[in-house]
Each structure stands twice: as structure tokens, then as C-alpha cells.
Amino acid sequence: MIEYTLLLFIVFAILQIADGVTTFKIIKAGGCELNPVVKYAIENIGLVQGLVIAKAISIGLGYFLLVNSQATTLLVVSCIYAAVIINNGIQYYRITNTK
């Protein structure tokens with residue numbers, strides 16, 4: 001059986017990937033990145049590269065939380081990212097349906 005914390009980390013990683021994909025779609029549709037760190041990366045190394053590096057760093061930080069017994073923090077951050085992805089979907093819908 002998969003341990004709870006490992007499952008939580010897998011969910012966190014999937015949420016990071018989903019955030020990257022939805023952010024990519026929003027930017028390609030004419031939207032913008034609101035996170036200043038990710039925006040800087042995108043502007044300086046490119047859309048795909050910036051998102052991949054930002055998401056890899058986020059997943060790495062999630063792993064750091066996992067190995068340091070911070071499952072509750074990882075759960076809270078995962079919930080926040082779930083809300084971010086829902087918001088991304090709403091923003092994508094607004095951008096693509098107002099043109």
C-alpha cells in the first residue's frame with residue numbers, strides 16, 4: 001500500500017504539472033503570468049523553459065517538505081494549488097470566450 005505522504009507528494013507533483021499546463025495555455029491565449037518569479041523566468045529563458053524550471057523547483061521543494069515530515073504543509077500547499085488551477089481554468093475560459 002502506498003504511504004499517505006508519498007501519495008500526497010504524487011498529488012502535489014500532478015498539481016504542479018497541471019498548473020504549468022494551464023499557465024502555458026493562458027499565456028498562449030494572450031493572458032499573462034502573475035507570479036513575479038515565474039514571470040521573470042519566462043521573460044528571460046522562454047515560456048516552456050521558464051515553466052519547466054519553475055515547476056521542477058516547486059516539485060523539488062515539495063519533496064523537501066516530504067522528507068522533512070512536513071506533510072501538513074504539503075497538504076495545505078496542494079489545496080492552494082488546486083484553487084490556483086481552478087482559477088486558471090476560469091481565466092482561460094474568459095480569455096478564449098471574449099475574443
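The expected span of a helix is taken as 1.5 Å times one less than its number of residues, helices being DSSP runs of H or I with at least four residues, numbered from the N terminus. The structure is a predicted model, in which local features need pLDDT of at least 70 and side-chain atom pairs count only at pLDDT 80 or more, whereas totals for chains, interfaces and linings use all residues. Residues are numbered from 1 along each chain as its sequence is written, and side-chain values use heavy atoms, with hydrogens and water left out.

Helix α3 (residues 47–67) packs with helix α4 (residues 71–96) at an angle of about 150°, the axes lying 9 Å apart; axes are lines fitted to C-alpha atoms over the stretch in contact, and angles run from 0 to 180 degrees between N-to-C directions. The two helices are therefore roughly antiparallel, a term used for angles over 145 degrees. Here Lys-55, Ser-58, Gly-62 and Leu-65 of α3 meet Thr-73, Leu-74 and Tyr-81 of α4.

One salt bridge is found in a search of the whole structure, the criterion being a side-chain nitrogen of Lys or Arg within 4 Å of a carboxyl oxygen of Asp or Glu. It joins the side chains of Lys-55 and Asp-19 at 2.7 Å, N to O, and links helix α3 with helix α1 (residues 4–28) across 36 residues. Both Lys-55 and Asp-19 are buried.

Terms used:
Parallel < 35°, antiparallel > 145°, perpendicular 65-115°, else oblique. Contact = heavy atoms within 4.5 Å. Buried < 20%, exposed > 50% of the residue type's maximum accessible area, 1.4 Å probe, protein only.
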